Amino acid sequence: MRLAIEQAERVKGSTYPNPPVGAVILDPDGQVAGIGGTQPAGGPHAEVMALRDAGHRAAGGTAVVTLEPCNHHGRTPPCVDALVTAGISRVVYAVGDPNPVAAGGAARMADAGIEVTAGLLADEVSRGPLREWLHKQRTGLPHVTWKFATSVDGRSAAADGSSQWITSEAARADVHRRRAVAEAIVVGTGTVFFDDPALTARLPDGTLADRQPLRVVVGEREVSSDSKVLNDDSRTMVIRTHDPHEVIRSLADRTDVLVEGGPTLAGAFLRAGVVNRILAYVAPILLGGPITAVDDVGVLSIAHAQRWRFDGIEAIGPDVLLSLVPN
């Protein structure tokens with residue numbers, strides 16, 4: 001299953017609107033015979049890719065999949081049909097499909113005489129490659145992650161406004177990796193005015209990644225035509241509002257949204273309660289000064305503090321990446 005999760009992570013960001021799924025086929029002796037991940041929309045799903053890779057070795061074998069195989073005929077036939085036709089004898093999956101249109105694969109396979117086991121590493125898959133897609137299925141809204149870099153004392157820049165670079169090259173590379181799988185990056189007009197970011201996803205050698213997110217600029221201030229965010233490296237949407245809910249509604253067709261703006265935008269999104277995850281890159285430096293990572297979040301006393309909990313802590317070079325979700 002962890003091999004299937006790895007495949008799902010590899011295709012994440014390229015499968016929209018389909019979920020990023022990974023699949024592994026084991027032959028009757030329990031040896032890996034095929035591996036696959038969901039292809040871009042209209043292409044084969046993970047199970048079909050893994051079955052193709054396995055060939056005749058799939059007969060009598062086991063399919064291990066991160067998501068319950070679909071029982072729906074959309075742009076591609078149901079994955080259940082492919083598994084039955086290939087002669088798979090057992091299917092193990094992590095997470096049940098919450099989409100009522102595609103659900104029912106487990107029952108269909110059981111009726112066909114396939115042994116079905118559900119729930120293997122379900123939490124790992126739900127917090128991993130399927131986190132954003134499952135949120136979209138539950139709420140109908142995109143999953144919103146606030147991502148920021150800070151000194152250990154919570155400063156996003158030095159007193160003179162300089163902020164390049166607070167975190168290490170390793171942390172910045174991780175940010176670009178996440179940008180390459182996100183569907184949109186949101187910043188405010190203030191960030192565009194002061195920092196003039198390109199908001200692109202880049203490879204370690206500095207070249208553009210194959211896939212770029214939609215760049216979203218929020219606010220009522222005019223954006224200069226010379227701003228990097230308006231160059232040809234990716235598409236850009238300008239939304240004339242200060243209302244985070246309106247921003248989210250404008251991005252309702254997306255699944256994975258990163259908020260990378262400054263402290264004002266971050267505070268607005270947190271006050272509005274639309275942030276589903278926080279990713280904090282914390283560097284072991286002290287800056288002091290007045291420029292904090294976030295402005296007013298609507299908390300007047302400790303009794304009313306926003307409560308979050310850690311769901312991941314990871315060392316990245318000399319820095320630490322903290323992942324938090326609402327408590």
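Two strands count as paired if DSSP finds at least two bridges between them. I take helices (H or I, at least four residues) and strands (E, at least two) as DSSP runs, numbered from the N terminus.

**Ground rules.** I am working with a predicted model, in which local features need pLDDT of at least 70, side-chain atom pairs count only at pLDDT 80 or more, and totals for chains, interfaces and linings use all residues. Residues are numbered from 1 along each chain as its sequence is written, and side-chain values use heavy atoms, with hydrogens and water left out.

**Entry 1, a hairpin.** I began with Phe310, and found its bridge partner in S13 to be Leu324. That pair belongs to an antiparallel arrangement: strand S12 (residues 308-316) and strand S13 (residues 319-326) are joined by eight bridges. Two residues lie between the strands of this hairpin, and I noted a positive phi of about 60° at Gly317 in the turn.

Next I asked which residues of H6 (residues 131-139) are buried, meaning under 20% relative accessible area, with exposed over 50% and partly exposed in between (1.4 Å probe, protein chains only). I got Arg131, Glu132, Trp133, Leu134, His135 and Lys136. Just after H6 comes Gly140, with a positive phi of about 80°.

I checked UniProt, where an unreviewed entry gives the feature "binding site" at Ser163, Arg179, Arg202 and Glu260. UniProt positions are in the numbering used here, feature names are shortened, and annotations may be inferred rather than shown by experiment. I followed two of these residues.

Arg179 sits in helix H7 (residues 169-181). I record Arg179 as buried because its relative accessible area is 11%. Beyond residues up to four places away in sequence, Arg179 touches several others, including Leu199, Pro213 and Glu260; contact here means heavy atoms within 4.5 Å.

Glu260 lies in the loop between strand S10 (256-259) and helix H10 (263-272). Its relative accessible area is 12%, so I call Glu260 buried too. Leaving aside neighbours within four places in sequence, I found Glu260 in contact with Lys147, Val175 and Val187, among others.

What joins the side chains of Glu260 and Arg179? I found a polar contact of 2.7 Å. Such a contact is a pair of N or O atoms within 3.5 Å; within protein, one must be able to donate a hydrogen and the other to accept it, and residues adjacent in sequence count only if both atoms are side-chain atoms.

Last, I looked at the loop between strand S8 (214-218) and strand S9 (236-239), where Asn231 is found. Asn231 is partly exposed, at 25% relative accessible area. Its side chain reaches the backbone nitrogen of Asp233 at 3.0 Å.
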